[in-house]
Amino acid sequence: VAVGDNYLSNCIYYNRKELIDKNNDLFHSKKEAVQLQYLATHDFLTNIPNRYYLQSYIAEILGDVEKNNTSSALIFIDLDNFKVVNDSFGHSIGDEILIKVVDRLRRIIGENSILARLGGDEFAVLYSGGSAEKIEALRECCLQSFRDGEKPEFLGVSIGYEQIQDFESLAEVMKRADEMMYVEKREKQYARGYAAEDTKEVLTK
């Protein structure tokens, strides 16, 4: 309706315009809220869920009896010696490797699982179910990412695994998975140190 001298026509025109403006403002506000929510719950580099998202989801499982009756496994993944990559080759190369790792992990974990970046070179997978075979598949997936192009030979993978249903709180399951991951890491460090001592002993004979 065009603006004219008729009072009723003017009221209809301006009320309609105000309604359209309010709807546009509401649309943009909702869009901004969605964007902010995404940024708060996803990793900037890899675009996968972050620690906050993962913790919120696990807390929901622990608080939901029906969901908690299903078998869910929390798997922590740490890329061994990754700091050396950033220090020696630069953060851009490090970022490329992280993105490759995420791309490969996404392909194998399945639709009902969640892949999250905990920070730095640490990731987590929340599996529906879980087995030793899946853990080794994750390990090989990461190692395969390193083999693409020029792989720094010193990179490795440490993994910790726990069933969520064995714990009552979020803090407990996160702590336990982290501890199991570092148990494996320490065992490998000990093995490397032991092998180095053997080599040293042979060379000095």
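Reply: Here is a walk around helix α4, from its own residues out to the rest of the chain.

This is a predicted model, where local features need pLDDT of at least 70, side-chain atom pairs count only at pLDDT 80 or more, and totals for chains, interfaces and linings use all residues. Residues are numbered from 1 along each chain as its sequence is written, and side-chain values use heavy atoms, with hydrogens and water left out.

Helix α4 covers residues 82-89. Helices are DSSP runs of H or I with at least four residues, strands are runs of E with at least two, and both are numbered from the N terminus. Which residues of α4 are buried? They are F82, V85 and N86. Buried means under 20% relative accessible area, exposed means over 50%, and partly exposed is in between (1.4 Å probe, protein chains only). Down the axis of α4, the buried residues fall within an arc of 90°, so they line one face of the helix. The arc is taken over the directions from the helix axis to the C-beta atoms. An α-helix has 3.6 residues a turn, so residues three or four places apart point the same way.

What does the buried side pack against? Its partners are β1 (72-80) and α5 (91-109). Contact here means heavy atoms within 4.5 Å.

Now the other face. K83, D87 and S88 are exposed there, turned away from the buried side. The side chains of K83 and D87 meet in a salt bridge, 2.7 Å from N to O. A salt bridge is a side-chain nitrogen of Lys or Arg within 4 Å of a carboxyl oxygen of Asp or Glu. K83 and D87 are four residues apart in α4, which means about one helical turn separates them.

Look next at what flanks the helix. N81 sits in the loop between β1 and α4. Its phi is positive, about 65°, although N81 is not a glycine. N81 is partly exposed because its relative accessible area is 34%. After α4 comes G90, also with a positive phi, near 100°.

The structure holds eight salt bridges. In one of them, D43 pairs with R117, with the closest N and O atoms 3.1 Å apart. D43 lies in the loop between α1 and α2 and R117 in strand β2, so this pair ties together parts 74 residues apart in sequence. Both D43 and R117 are buried, whereas K83 and D87 are exposed.

Finally, the setting. The chain has seven helices and four strands. Along the sequence they follow the pattern α-α-α-β-α-α-β-β-α-β-α. Of its 205 residues, 35% count as buried. Among contacts between residues at least 6 apart in sequence, 66% join residues at least 24 apart.

How confident is the predictor? The chain averages a pLDDT of 77, and 69% of the residues score at least 70. pLDDT is the predictor's confidence in each residue, from 0 to 100. Confidence is lowest in helix α3 (residues 65-68), with a mean of 57, and highest in strand β2 (residues 114-119), at 94. Over residues 194-205 the pLDDT is below 50, and that stretch has zero contacts in the model beyond near neighbours in sequence.
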